[in-house]
Each structure stands twice: as structure tokens, then as C-alpha cells.
Amino acid sequence: MDKNFQEEFAQVVKFTPPLYQQRYQFVKDLVEKYKPKKVADLGCADCRLLWMLKFCSCVEVLAGLDICASVMKEKMHMLSPLPVDYLQPSERSLTVTLHHGSVAQKDPCMLGFDLVTCIELIEHLEESELKKFPEVVFGFMAPSIIVISTPNSEFNPLLPGVMLHRHPDHKFEWSQAQFQSWALEVAKCYDYSVEFTGVGHPPTGMENVGFCTQIGLFIRKYPQNGESVQSEKPTEAVYETVFKAVYPSLKDEKYLQIAVVSEVIFTAQTIRHHLMPKQDEEEDDPERKSKFQPSVDSFSDYLGKLVVDKTMEPLVNGNEVYIPLTTIFSFPKVNRLCGTFEKLCKLIAGKVPLSSDGSAVMFTTEQENEEN
């Protein structure tokens with residue numbers, strides 16, 4: 001490579017978005033494509049990738065592993081549930097766990113994952129650790145998909161200030177040929193296929209330099225033989241768990257009941273207000289009537305389509321208003337939350353005021369006055 005050419009591009013190479021974000025986006029795109037339920041990030045460091053992946057709706061289990069506990073402990077709180085997670089629990093379950101330990105050691109807590117990511121990890125490993133790495137990740141963990149990214153040393157002359165390695169903790173940095181040779185050998189040994197790609201495009205005219213970050217995407221060729229493989233797995237835990245968060249989920253009946261009760265009450269109140277508007281309020285405020293009449297009419301039309309027989313019609317008896325549960329169950333969100341009418345009745349029992357026969361939600365005029 002011409003030295004003047006190198007110096008010229010060393011002043012202009014800049015990645016937008018930043019290279020680390022491109023690496024994380026690569027993993028996120030992969031998750032959206034393959035829909036893994038269980039994802040482990042080895043060398044998770046400041047947990048930014050895990051934080052990004054927790055928003056992927058397919059993911060139910062996230063685990064991070066790093067040799068430096070202090071960095072994880074400093075950033076792990078970003079993985080904790082927020083108040084909104086309790087106010088609006090997700091339909092999926094999500095558990096996030098962080099472990100302190102080495103990728104050169106085997107621990108059963110890392111078994112059963114669909115995707116394992118190793119983003120800018122292997123170049124930090126000592127030679128002895130790198131030798132054990134394939135057996136631990138490919139042989140022991142044996143996920144369906146493994147992503148490994150590492151610096152491409154051929155790109156280094158284009159990066160300002162890089163003399164030998166990009167980071168003082170790097171033990172080595174491989175050329176494209178070195179990385180591909182290692183990856184192909186590992187893939188062959190453990191029955192994986194591997195594709196090579198990367199992020200951080202080289203300048204125009206220097207495509208032979210390759211990506212700034214080179215990536216190997218490994219896909220396991222054959223399903224594991226559960227019995228024979230599992231018999232070889234050690235049961236002794238060697239990692240230290242430093243963080244665990246279980247997110248509120250509608251799969252947990254406690255949170256499901258709260259959501260169903262809230263939705264039933266909201267739906268019943270909405271039906272009551274739309275089908276039985278207070279005439280005196282409308283007469284006193286014709287502008288308000290005009291403003292809200294379209295939505296009232298639209299909602300009433302929708303209810304009219306749902307109410308196909310007398311048993312589903314709301315009933316007014318003196319100062320009491322009865323909204324049939326069959327009508328409430330017909331609303332999509334209530335139906336989706338409960339699944340069956342029997343489940344609806346079970347979840348709201350004792351939590352929502354019902355008629356004497358339990359077939360309808362009951363409101364009184366006194367309740368309405370208190371609300372107003």
C-alpha cells in the first residue's frame with residue numbers, strides 16, 4: 001500500500017454511526033431475522049448491547065458474561081425494569097442475568113442459548129484462553145448461532161494514531177486471512193458453517209483492505225443430540241452471578257390479573273358513558289356535544305355490532321347500571337388478555353363489582369357521582 005495514500009486516508013476515515021453502534025446494529029438485525037429467545041453476550045462489559053437487545057420482542061432470556069465485575073456492576077442498573085414496565089407489563093417474559101467469569105471456563109448457566117455474541121472479545125484473550133475458547137463456546141455452549149467480531153489489522157494503517165494495536169489490552173489483531181483461517185478450522189471441528197462479513201467500510205478504491213471490524217457468523221449444521229451431549233456437561237457452577245432482573249410479564253398471573261381488572265373496569269366505564277350520556281351535560285354545553293358526538297356515534301356503532309342479542313345489552317335498573325361480561329369480553333384487548341370467557345371470570349372474581357349472578361359488571365349512580 002502506498003505510504004502517501006495511507007497518510008491521506010488516515011486523516012479522513014470516520015464512521016457514521018460510530019463503529020461500536022454498527023456492530024450492535026448488526027447483532028440487533030440478526031436477532032430480528034432469526035428470532036432467538038435466549039441470547040448470551042460474552043464480554044458484555046458496559047452492558048450496552050444487552051440493553052439494546054432487551055427491547056427485541058422475541059428475546060425472553062438475556063445473559064452477560066465478563067471477566068471485569070466492576071464495569072458490569074457500574075452499568076448493570078440500566079438493565080433493571082422501569083416503573084413503566086410495572087404499569088404496562090409486556091406480554092412476553094424477560095429475565096436478564098449478569099455473570100462474572102472467564103470465557104475459558106465452562107458453567108452450566110450458559111447452556112441452552114440460541115445465540116451467543118462475542119463482540120470485540122477474542123483479541124483480549126491470552127493465548128491459553130484463546131485455545132480453550134472454541135471448546136467452551138462451540139463445544140460446550142453449542143448455541144445455534146455464534147457471532148464473533150474482531151479488529152481487522154489490515155485496516156489499522158488508515159486509523160490515526162494506531163501504531164500496533166487499537167487498544168492497549170489487545171493481545172493480538174488478525175488480518176482477514178488469519179481470522180478466516182482460524183474461523184474455518186473452528187467451524188469444521190465443531191460442525192458449524194461460517195460466513196464472513198463486517199462493518200466499517202474502507203474508503204473507495206481500497207476495498208481490498210476489508211471492513212474495519214471483521215465478523216464471522218457461525219451457524220450450527222446439525223441439532224444437538226440432547227442425551228449424549230448433556231451427559232458430558234459439568235454441573236458445577238464457576239461463575240458468580242452479580243445481577244438478575246425478572247421483568248413483570250402478563251405470563252405471570254399476578255400481573256395479568258392487574259391488567260385484566262384494569263381493562264375490564266375501563267371498558268365497562270367507557271360503555272356506560274357512551275351508551276348513557278348525561279342529557280343535562282349535553283344540553284348545558286352544546287359545543288361539548290358537537291365536539292365529542294362523532295366519537296360517541298362511532299363507539300355506539302361498534303357496540304351495536306357487538307350486541308347481537310338481549311343478553312349482551314347494558315341494563316339500567318334504578319340507580320344501578322349493568323354491563324354484561326359477554327359484551328366486555330367481545331372487546332379485542334380484553335379477549336386477547338384473557339383468551340377464554342372462563343379465564344376472564346376467574347381473574348376478576350372479587351376484584352370487580354359484579355351483579356348477584358356474576359354475569360355483569362355493576363355500577364351505581366353514587367359511584368358515577370364520586371368519579372365526577
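Two strands are taken to pair if DSSP finds at least two bridges between them. The legends below describe close-up views of a predicted model.

**Figure 1. Strands E9, E10 and E11 form an open, antiparallel sheet.** The order of the three strands across the sheet is E9-E10-E11. Strand E9 (315-317) and strand E11 (360-364) stand at the edges with a single partner strand each, so one side of each has no neighbour in the sheet. On average, neighbouring strands are turned by 20 degrees against each other, direction ignored. Strand E10, residues 320-324, is joined to E11 by five bridges, and the two strands run antiparallel. Within this pairing, Val 321 of the model stands opposite Phe 363 in E11. In general, the strands of a sheet pair through backbone hydrogen bonds, in either a parallel or an antiparallel manner.

**Figure 2. Eight strands form an open sheet with mixed pairing.** The strands follow one another in the order E6-E7-E5-E4-E1-E2-E3-E8. Strand E6 (192-199) and strand E8 are the edge strands, and each of them pairs on one side only. From one strand to the next, the twist averages 15 degrees.

**Figure 3. Strand E3 pairs with strand E2 in the parallel sense and with strand E8 in the antiparallel sense.** Strand E2 covers residues 61-66 and strand E3 covers residues 95-100; six bridges join them. Ala 63 stands opposite Thr 97 in E3. Six bridges also join E3 to strand E8, which comprises residues 240-246. In that pairing, Thr 95 stands opposite Val 246 in E8.

**Figure 4. Strands E6 and E7 pair in the antiparallel sense.** Strand E7 consists of residues 213-220, and eight bridges connect E6 with E7. Thr 197 stands opposite Ile 215 in E7. As a general rule, the side chains of a regular strand alternate between the two faces of the sheet.

**Figure 5. Ile 146 is a buried residue of strand E5.** Strand E5 spans residues 145-151. The relative accessibility of Ile 146 is 0%, and the residue therefore counts as buried. Ile 146 and Phe 113 are 33 residues apart along the chain, and their C-alpha atoms are separated by 10.0 Å.

**Figure 6. The largest pocket holds about 790 Å³ of space.** The lining of this pocket consists of 30 residues, and those closest to the pocket centre are Gly 43, Ala 45, Ile 119, Glu 120 and His 124. Helix H2 (19-34), helix H3 (48-53) and strand E2 are the elements that give two or more residues to the lining. Helix H2 provides the largest share, which is three residues. By residue class, the lining divides into 14 nonpolar, six polar and ten charged residues.

**Figure 7. Ala 45 has a positive phi although it is not a glycine.** The phi angle of Ala 45 is about 50 degrees. Ala 45 is located in the loop between strand E1 (38-42) and helix H3. With a relative accessible area of 29%, Ala 45 is partly exposed. Ala 45 is also among the residues closest to the centre of the largest pocket.

**Figure 8. Ala 142 is a non-glycine residue with a positive phi.** The phi angle of Ala 142 is about 45 degrees. Ala 142 lies in the loop between helix H6 (127-141) and strand E5. At 6% relative accessibility, Ala 142 counts as buried, because buried means under 20% relative accessible area.

**Figure 9. A cis peptide bond joins Thr 16 and Pro 17.** The omega angle of this bond is about -5 degrees. Pro 17 is placed in the loop between helix H1 (3-10) and helix H2.

**Figure 10. Zero disulfides are found in a search of the whole structure.** Cys 338 is in no disulfide: the nearest cysteine sulfur, that of Cys 345, is 8.8 Å away, whereas a disulfide requires two cysteine sulfur atoms within 2.5 Å. Cys 338 is buried, with a relative accessible area of 8%. Cys 189, by contrast, is exposed, with a relative accessible area of 53%. In general terms, a disulfide is a covalent bond between the sulfur atoms of two cysteines.

Key:
Residues numbered from 1 in each chain as written. Predicted model: local features only at pLDDT ≥ 70, side-chain atom pairs only at ≥ 80, totals over all residues. Heavy atoms only, no water. Helix = DSSP H or I, 4+ residues; strand = E, 2+ residues; numbered from the N terminus. Axes fitted to C-alpha atoms, helices over the stretch in contact; angles between N-to-C directions. Buried < 20%, exposed > 50% of the residue type's maximum accessible area, 1.4 Å probe, protein only. 1 Å grid on protein atoms, 1.4 Å probe; cavity = no way out; pocket = protein on both sides within 12 Å on 5 of 7 lines; lining within 4 Å. Points joined across faces, edges and corners; volume = space filled by probe spheres on them. Nonpolar A, V, L, I, M, F, W, Y, C, P; charged D, E, K, R; others polar.
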